[in-house]
Amino acid sequence: MGTENQGDFSPEERERYSRNALLAGVGWEGQARWRAARVLVVGAGGIGSAALLYLAAAGVGYLGLVDGDAVDLSNLQRQILHGTNDVGRRKAESAKESLAALNPHCRVETFDLRLEPDNVREVVQGFDLVLDSCDNFPTRFLVSEACWRERVPLVSAAATGWHGKLLAAIPGPENPCYRCLVPELPPAEASPSSTRIGILGAVAGTMGCLQAVEALKLLLGWESGLTRRLLAYDGREGRFQSVERVKRADCPLCGLGK
Ligand SMILES: [Zn+2]
(Lines give C-alpha, C1' and ligand atoms only; values in the text may rest on other atoms or scores of the structure.)
Protein backbone atom coordinates (compact mmCIF):
# COMPACT_ATOMS: atom_id res chain seq x y z
CA MET A 1 0.00 0.00 0.00
CA GLY A 2 1.67 3.20 -1.14
CA THR A 3 1.97 6.09 1.30
CA GLU A 4 0.59 8.49 -1.32
CA ASN A 5 -2.90 7.09 -0.78
CA GLN A 6 -2.98 7.23 3.00
CA GLY A 7 -4.44 10.73 3.12
CA ASP A 8 -4.04 12.52 6.41
CA PHE A 9 -4.39 9.48 8.63
CA SER A 10 -1.92 9.40 11.53
CA PRO A 11 0.60 6.55 11.84
CA GLU A 12 -1.55 5.13 14.65
CA GLU A 13 -4.67 5.21 12.48
CA ARG A 14 -2.78 3.71 9.54
CA GLU A 15 -1.89 0.74 11.69
CA ARG A 16 -5.32 0.50 13.32
CA TYR A 17 -7.15 0.45 9.99
CA SER A 18 -4.53 -1.40 7.93
CA ARG A 19 -6.78 -4.45 7.39
CA ASN A 20 -9.66 -2.23 6.26
CA ALA A 21 -7.43 -0.47 3.78
CA LEU A 22 -6.37 -3.80 2.27
CA LEU A 23 -9.96 -4.74 1.53
CA ALA A 24 -10.97 -4.78 -2.13
CA GLY A 25 -12.96 -1.63 -2.85
CA VAL A 26 -12.16 0.08 0.47
CA GLY A 27 -8.59 1.39 0.64
CA TRP A 28 -7.78 4.70 2.37
CA GLU A 29 -10.40 6.43 0.27
CA GLY A 30 -13.06 4.16 1.75
CA GLN A 31 -11.59 4.62 5.21
CA ALA A 32 -11.86 8.39 4.75
CA ARG A 33 -15.52 7.97 3.82
CA TRP A 34 -16.14 6.00 7.00
CA ARG A 35 -14.32 8.61 9.06
CA ALA A 36 -16.48 11.37 7.56
CA ALA A 37 -19.73 9.45 8.10
CA ARG A 38 -22.44 10.14 10.68
CA VAL A 39 -24.45 7.09 11.68
CA LEU A 40 -27.31 6.94 14.19
CA VAL A 41 -28.04 3.67 15.99
CA VAL A 42 -31.42 3.34 17.68
CA GLY A 43 -31.04 1.04 20.69
CA ALA A 44 -27.89 0.06 22.57
CA GLY A 45 -29.26 -3.43 23.28
CA GLY A 46 -28.39 -6.85 21.88
CA ILE A 47 -28.39 -5.89 18.20
CA GLY A 48 -27.14 -2.33 18.70
CA SER A 49 -24.24 -3.48 20.89
CA ALA A 50 -22.76 -5.53 18.07
CA ALA A 51 -23.54 -2.96 15.39
CA LEU A 52 -22.07 -0.06 17.39
CA LEU A 53 -18.92 -1.96 18.36
CA TYR A 54 -18.19 -2.94 14.75
CA LEU A 55 -18.95 0.53 13.37
CA ALA A 56 -16.64 2.11 15.95
CA ALA A 57 -13.97 -0.52 15.33
CA ALA A 58 -14.18 0.08 11.58
CA GLY A 59 -13.52 3.78 12.12
CA VAL A 60 -16.90 5.44 11.49
CA GLY A 61 -16.15 8.97 12.63
CA TYR A 62 -19.39 10.03 14.26
CA LEU A 63 -21.89 7.75 15.96
CA GLY A 64 -25.19 8.81 17.47
CA LEU A 65 -26.85 6.37 19.84
CA VAL A 66 -30.38 6.50 21.16
CA ASP A 67 -31.32 4.62 24.31
CA GLY A 68 -33.50 5.79 27.16
CA ASP A 69 -33.01 2.78 29.46
CA ALA A 70 -30.74 1.74 32.30
CA VAL A 71 -28.62 -1.43 32.23
CA ASP A 72 -30.40 -4.38 33.84
CA LEU A 73 -28.69 -7.59 34.94
CA SER A 74 -30.92 -9.56 32.55
CA ASN A 75 -29.53 -7.50 29.61
CA LEU A 76 -25.99 -8.78 29.99
CA GLN A 77 -26.47 -12.16 28.23
CA ARG A 78 -26.71 -10.23 24.94
CA GLN A 79 -25.93 -6.53 25.35
CA ILE A 80 -22.16 -6.77 25.14
CA LEU A 81 -21.51 -3.02 25.30
CA HIS A 82 -22.32 -3.21 29.01
CA GLY A 83 -20.55 -5.06 31.81
CA THR A 84 -21.52 -6.30 35.26
CA ASN A 85 -20.29 -3.07 36.86
CA ASP A 86 -22.62 -1.08 34.58
CA VAL A 87 -25.84 -2.55 36.02
CA GLY A 88 -28.06 0.37 37.05
CA ARG A 89 -26.18 2.92 34.92
CA ARG A 90 -27.68 4.68 31.93
CA LYS A 91 -27.14 2.56 28.80
CA ALA A 92 -26.24 5.62 26.74
CA GLU A 93 -23.43 6.49 29.13
CA SER A 94 -22.15 2.92 29.49
CA ALA A 95 -22.22 2.38 25.72
CA LYS A 96 -20.36 5.62 25.05
CA GLU A 97 -17.59 4.58 27.45
CA SER A 98 -17.18 1.15 25.83
CA LEU A 99 -17.01 2.68 22.35
CA ALA A 100 -14.45 5.28 23.44
CA ALA A 101 -12.31 2.52 24.96
CA LEU A 102 -12.43 0.59 21.68
CA ASN A 103 -11.74 3.52 19.37
CA PRO A 104 -10.99 7.01 20.72
CA HIS A 105 -11.11 8.44 17.16
CA CYS A 106 -14.84 7.83 17.06
CA ARG A 107 -17.02 10.67 18.36
CA VAL A 108 -20.17 9.51 20.10
CA GLU A 109 -23.28 11.60 20.67
CA THR A 110 -25.84 10.10 23.05
CA PHE A 111 -29.59 10.60 23.09
CA ASP A 112 -30.74 9.32 26.49
CA LEU A 113 -34.41 9.46 25.60
CA ARG A 114 -37.34 7.56 24.19
CA LEU A 115 -38.18 8.38 20.60
CA GLU A 116 -41.62 9.96 20.30
CA PRO A 117 -43.54 11.43 17.36
CA ASP A 118 -42.47 14.94 18.42
CA ASN A 119 -38.70 14.29 18.72
CA VAL A 120 -37.84 11.56 16.21
CA ARG A 121 -37.35 13.73 13.12
CA GLU A 122 -35.11 16.14 15.01
CA VAL A 123 -32.92 13.24 16.22
CA VAL A 124 -32.67 11.60 12.78
CA GLN A 125 -31.86 14.81 10.88
CA GLY A 126 -28.24 15.31 9.97
CA PHE A 127 -27.27 11.63 9.96
CA ASP A 128 -26.13 9.92 6.75
CA LEU A 129 -27.59 6.59 7.79
CA VAL A 130 -29.77 5.18 10.56
CA LEU A 131 -29.62 1.69 12.03
CA ASP A 132 -32.80 0.57 13.70
CA SER A 133 -31.66 -1.88 16.37
CA CYS A 134 -34.65 -1.49 18.65
CA ASP A 135 -36.89 -4.15 20.15
CA ASN A 136 -40.42 -2.95 19.51
CA PHE A 137 -42.76 -2.13 16.62
CA PRO A 138 -43.92 1.35 17.76
CA THR A 139 -40.29 2.59 17.71
CA ARG A 140 -39.66 0.83 14.37
CA PHE A 141 -42.65 2.60 12.87
CA LEU A 142 -41.53 5.99 14.19
CA VAL A 143 -37.94 5.56 12.99
CA SER A 144 -38.84 4.17 9.57
CA GLU A 145 -41.31 6.98 8.92
CA ALA A 146 -38.89 9.72 10.05
CA CYS A 147 -36.08 8.26 7.92
CA TRP A 148 -38.28 7.99 4.83
CA ARG A 149 -39.57 11.55 5.19
CA GLU A 150 -36.09 12.95 5.92
CA ARG A 151 -34.68 10.82 3.07
CA VAL A 152 -32.16 9.08 5.31
CA PRO A 153 -31.28 5.47 4.39
CA LEU A 154 -32.29 2.96 7.04
CA VAL A 155 -31.02 -0.52 7.88
CA SER A 156 -33.48 -2.25 10.17
CA ALA A 157 -32.69 -5.36 12.20
CA ALA A 158 -34.83 -7.39 14.58
CA ALA A 159 -34.25 -10.47 16.71
CA THR A 160 -36.28 -12.62 19.09
CA GLY A 161 -35.86 -16.20 20.23
CA TRP A 162 -33.63 -17.97 17.68
CA HIS A 163 -34.66 -15.75 14.77
CA GLY A 164 -33.53 -12.51 13.20
CA LYS A 165 -34.55 -10.28 10.29
CA LEU A 166 -32.74 -7.61 8.35
CA LEU A 167 -33.67 -5.17 5.58
CA ALA A 168 -32.59 -1.88 4.06
CA ALA A 169 -35.06 0.91 3.27
CA ILE A 170 -33.42 3.39 0.90
CA PRO A 171 -35.71 6.37 0.17
CA GLY A 172 -36.43 6.57 -3.54
CA PRO A 173 -39.36 6.28 -5.94
CA GLU A 174 -38.58 2.68 -6.92
CA ASN A 175 -37.69 1.27 -3.51
CA PRO A 176 -39.98 -0.30 -0.92
CA CYS A 177 -40.04 1.22 2.57
CA TYR A 178 -40.41 -0.62 5.87
CA ARG A 179 -44.20 -0.09 5.84
CA CYS A 180 -44.47 -1.82 2.45
CA LEU A 181 -43.57 -4.95 4.45
CA VAL A 182 -45.44 -4.14 7.68
CA PRO A 183 -48.27 -1.75 6.71
CA GLU A 184 -49.98 -1.59 10.11
CA LEU A 185 -48.74 -1.82 13.67
CA PRO A 186 -49.08 -5.48 14.71
CA PRO A 187 -51.07 -6.02 17.91
CA ALA A 188 -48.79 -6.43 20.93
CA GLU A 189 -49.93 -10.05 21.51
CA ALA A 190 -48.97 -10.98 17.91
CA SER A 191 -45.39 -9.73 18.22
CA PRO A 192 -43.21 -11.99 20.36
CA SER A 193 -40.85 -10.06 22.62
CA SER A 194 -37.62 -11.23 24.23
CA THR A 195 -39.26 -10.77 27.63
CA ARG A 196 -41.86 -13.39 26.64
CA ILE A 197 -39.99 -15.92 24.47
CA GLY A 198 -36.36 -15.11 25.28
CA ILE A 199 -33.53 -14.34 22.90
CA LEU A 200 -30.17 -15.91 22.23
CA GLY A 201 -27.48 -13.26 22.61
CA ALA A 202 -25.45 -14.59 19.72
CA VAL A 203 -28.50 -14.38 17.40
CA ALA A 204 -29.00 -10.70 18.32
CA GLY A 205 -25.26 -10.17 17.81
CA THR A 206 -25.39 -11.90 14.41
CA MET A 207 -28.08 -9.49 13.27
CA GLY A 208 -26.10 -6.51 14.59
CA CYS A 209 -23.00 -7.69 12.72
CA LEU A 210 -24.95 -8.14 9.49
CA GLN A 211 -26.46 -4.69 10.00
CA ALA A 212 -22.98 -3.19 10.40
CA VAL A 213 -21.84 -4.88 7.17
CA GLU A 214 -24.76 -3.36 5.22
CA ALA A 215 -24.12 0.04 6.85
CA LEU A 216 -20.43 0.07 5.96
CA LYS A 217 -21.23 -0.85 2.33
CA LEU A 218 -23.85 1.89 2.03
CA LEU A 219 -21.36 4.42 3.44
CA LEU A 220 -18.97 3.49 0.63
CA GLY A 221 -21.72 4.37 -1.84
CA TRP A 222 -22.40 0.73 -2.63
CA GLU A 223 -25.78 -0.90 -3.03
CA SER A 224 -27.22 -2.99 -0.25
CA GLY A 225 -28.48 -6.31 -1.57
CA LEU A 226 -31.29 -5.90 0.95
CA THR A 227 -32.93 -2.81 -0.58
CA ARG A 228 -35.58 -5.04 -2.16
CA ARG A 229 -35.11 -8.14 -0.06
CA LEU A 230 -35.66 -9.29 3.50
CA LEU A 231 -32.98 -11.49 5.02
CA ALA A 232 -34.29 -13.92 7.64
CA TYR A 233 -31.99 -15.93 9.89
CA ASP A 234 -33.02 -19.08 11.69
CA GLY A 235 -30.33 -19.75 14.29
CA ARG A 236 -31.82 -23.07 15.30
CA GLU A 237 -31.71 -24.45 11.77
CA GLY A 238 -28.52 -22.61 10.84
CA ARG A 239 -30.25 -21.21 7.79
CA PHE A 240 -30.59 -17.87 6.02
CA GLN A 241 -33.49 -17.10 3.70
CA SER A 242 -33.77 -14.09 1.46
CA VAL A 243 -37.21 -13.09 0.20
CA GLU A 244 -38.18 -10.38 -2.25
CA ARG A 245 -39.82 -7.20 -0.95
CA VAL A 246 -41.97 -5.14 -3.31
CA LYS A 247 -43.10 -1.53 -3.24
CA ARG A 248 -46.82 -1.41 -2.53
CA ALA A 249 -48.92 1.08 -4.45
CA ASP A 250 -51.20 1.29 -1.39
CA CYS A 251 -48.38 1.64 1.16
CA PRO A 252 -49.46 4.03 3.94
CA LEU A 253 -46.00 5.67 3.93
CA CYS A 254 -44.53 5.58 0.41
CA GLY A 255 -47.46 4.52 -1.81
CA LEU A 256 -48.96 6.46 -4.71
CA GLY A 257 -50.16 9.90 -3.72
CA LYS A 258 -47.99 9.98 -0.56
ZN1 LIG B 1 -43.78 1.75 1.52
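# Sheet, helices and core of a predicted chain

Leu 131 stands opposite Val 155, a residue of strand E5. That pairing is one of three bridges that join strand E4 (residues 129–132) to strand E5 (residues 154–160), the two strands running parallel. The model is a predicted one, and the chain it describes contains ten helices and eight strands.

**Overall dimensions**

- For 258 residues a compact globule would have a radius of gyration near 18 Å, and because the chain has 18 Å, it agrees with that expectation.
- The C-alpha trace spans about 55 × 45 × 40 Å along its principal axes, and 41% of the 258 residues count as buried.
- When contacts between residues at least 6 apart in sequence are considered, 68% of them join residues at least 24 apart.

**The sheet and its order**

- Eight strands make up an open sheet with mixed pairing, in the order E3-E2-E1-E4-E5-E6-E7-E8.
- E3 and E8 stand at the edges and have a single partner strand each, so one side of each is left without a neighbour in the sheet.
- Direction ignored, neighbouring strands of this sheet are turned by 15° against each other on average.
- Strands of a sheet pair through backbone hydrogen bonds, in either a parallel or an antiparallel arrangement.

- E5 and E6 pair in the antiparallel sense over seven bridges, with Leu 166 in E6 as the bridge partner of Ala 157.
- These two strands form a hairpin with two residues between them, and Gly 161 in its turn has a positive phi of about 55°.
- E6 is mostly covered, since five of its seven residues are buried.
- On E6, His 163 stands opposite Asp 234 in E7, and E6 and E7 pair over five bridges, again in the antiparallel sense.
- Strand E7 (residues 229–234) pairs with E8 over six bridges, also antiparallel, and Leu 230 is found opposite Val 243 in E8.
- The hairpin of E7 and E8 has four residues between the strands, and Gly 238 in the turn takes a positive phi of about 65°.
- How many of the six residues of strand E8 (residues 239–244) are buried? The number is zero, so E8 lies largely in the open.

**Helices H5 and H10 against the sheet**

- H5 lies across E2 and E3, and its direction runs at about 170° to that of E3.
- H10 likewise packs on the sheet, where it touches strand E1 (38–42), E4, E5, strand E6 (163–169) and E7, and its direction makes about 170° with that of E5.
- At 1.5 Å a residue, the twelve residues of helix H5 (residues 91–102) should span 16 Å, and the end C-alpha atoms are 16 Å apart, which agrees.
- The buried residues of H5 are Lys 91, Ala 92, Ser 94, Ala 95, Lys 96 and Leu 99, and what covers them includes helix H4 (46–58), strand E2 (62–66) and strand E3 (107–111).

**Helix H4**

- Eleven of the 13 residues of H4 are buried, so the helix is largely enclosed by the rest of the structure; among them are Gly 46, Gly 48, Leu 52, Leu 53 and Leu 55.
- H4 reaches 19 Å from its first C-alpha to its last, close to the 18 Å expected at 1.5 Å a residue.

**The nonpolar core**

- In soluble globular proteins, nonpolar side chains tend to be buried together.
- Of the 67 residues in the largest nonpolar core, Val 39, Leu 52, Leu 55, Leu 63, Val 130 and Ala 215 touch the most other members.
- Helix H10 (residues 201–219) supplies nine residues, the largest share of this core.
- Which residues does Val 130 contact, leaving aside its neighbours within four places in sequence? They are Leu 40, Val 42, Val 124, Val 143, Cys 147, Val 152 and Leu 154.

**A loop residue with positive phi**

- Arg 151 has a positive phi of about 60° although it is not a glycine, and its place is in the loop between helix H7 (137–150) and E5.
- Is Arg 151 buried or exposed? Arg 151 is exposed, because 9 other C-beta atoms lie within 10 Å, and a residue counts as exposed with 12 or fewer.

Technical notes
Residues numbered from 1 in each chain as written. Predicted model: local features only at pLDDT ≥ 70, side-chain atom pairs only at ≥ 80, totals over all residues. Rg over C-alpha atoms; globule rule 2.2 N^0.38 Å. Buried ≥ 20, exposed ≤ 12 C-beta atoms within 10 Å, placed from the backbone. Contact = placed C-beta atoms within 7 Å. Pairing = 2+ DSSP bridges. Core = buried A, V, L, I, M, F, W, Y, C linked by C-beta atoms within 7 Å. Expected span 1.5 Å × (residues − 1). Axes fitted to C-alpha atoms, helices over the stretch in contact; angles between N-to-C directions.
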